[in-house]
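Hi everyone, thanks for coming.

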Amino acid sequence: MMIDGGSSYDSDLAYAYLKKLEITHLKYMVATHPDDDHIGGLSGALRYASVERAFCSVDTYDSIPFENYRKALEKQGVSIEIPDPDEHLTLGSAEVTVLAPLEDLEEINNNSIVIRVTYGNNSFLFTGDAEFSEESSILGSGQEIKSDVLKVGHHGSEYSTSSTFIDAVKPSIAVISCGKDNDYGFPKQRVLDLLAKNEIALYRTDLHGDIIVSSDGESISVSVEKETDNDPFTAPEEKIMDPSTIPDCDYVVNKSSRKFHKPDCEAVGKMKENNRWYYQGDRQALIEDGYEPCHMCNP
Ligand SMILES: [Zn+2]
Ligand SMILES: [Zn+2]
């Protein structure tokens, strides 16, 4: 099973990683929600591997990354399914339960597909970009969510991972997927403090690179691509630029994340100077070139 695949510009990486592991067939592919940083790379994975069933939180969505996912599946004769809450899937001798979305929370992050995988005595929770409202709807449903390993919601954002949620999941290991020097300053200190207070071992892709968590059904082991001297419980330093120094333009494009923003978006101030492209011109042309509007400033 593959859950999310990074951004469109990670398609080759998704392809190469499956190839390295010689995974030519996936029983399930899950796009937790249609944001590019989750669905984009899956079309690359589909160039290498065939899939049996494919899921997303929506079955129609107006974006190029979603269309690429749909078309890549169509070539394999597979159509996108929206999973039923409480759907149970088998995966070898592991069991996969779909915990959410339970209700339409009208915001794509909060409609993320949330999945719990259990294998023997071990359990894993994958939360997509779920924020507080989806967490509380899961808590309210009374489903079993206690898990050894938590893929922390929404890259460690301020508005995900409530203390009530952590109390219920009680993970011993947490993994945060976040880009090095990302525009949003993820992960946020509040979340890191909460994980530290609960004595949860933390791994971050911005510090550790690829993180592999393995289970034999009895115990869990973690290996990382690179060791780090940085304290994982310290948030990245926010370098905020004076907005009055931003040159006149229609949009500020991040050449690295391929997101574009209104010049006054909070994210622009945190963006590295050499990633910035001060763009004069048409919004639609940017979208057609594969750039994605920011979800905070909605340019
Ligand atoms: Zn998202
Ligand atoms: Zn995301």
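Before we get to the sheets, a word on pairing: two strands count as paired if DSSP finds at least two bridges between them. And please keep in mind that this is a predicted model.

Let's start with the overall layout.

Now for the sheets. One of them is an open sheet built from seven strands, and its order reads β5-β6-β7-β8-β9-β10-β11, with mixed pairing. Which strands sit at the edges? They are β5 (88-91) and β11 (201-204), each of which pairs on one side only. Going from one strand to the next, the twist averages 20°.

Let me zoom in on one pair in there. Strand β7, residues 114-119, runs antiparallel to strand β8, residues 122-126, and five bridges join the two. If you look for Arg 116, you'll find that its bridge partner in β8 is Leu 125.

On to another open sheet, this one with four strands in the order β16-β14-β15-β17, and again the pairing is mixed. Here β16 (276-279) and β17 (292-293) are the edge strands; each has a single partner strand, so one side of each has no neighbour in the sheet. Strand β14, residues 251-254, pairs with strand β15, residues 259-261, in the antiparallel sense, over two bridges. Within that pair, Val 253 stands opposite Phe 260 in β15.

That's my tour, and I'm happy to take questions.

Conventions: Residues numbered from 1 in each chain as written. Chains lettered and ligands numbered in written order. Predicted model: local features only at pLDDT ≥ 70, side-chain atom pairs only at ≥ 80, totals over all residues. Axes fitted to C-alpha atoms, helices over the stretch in contact; angles between N-to-C directions.
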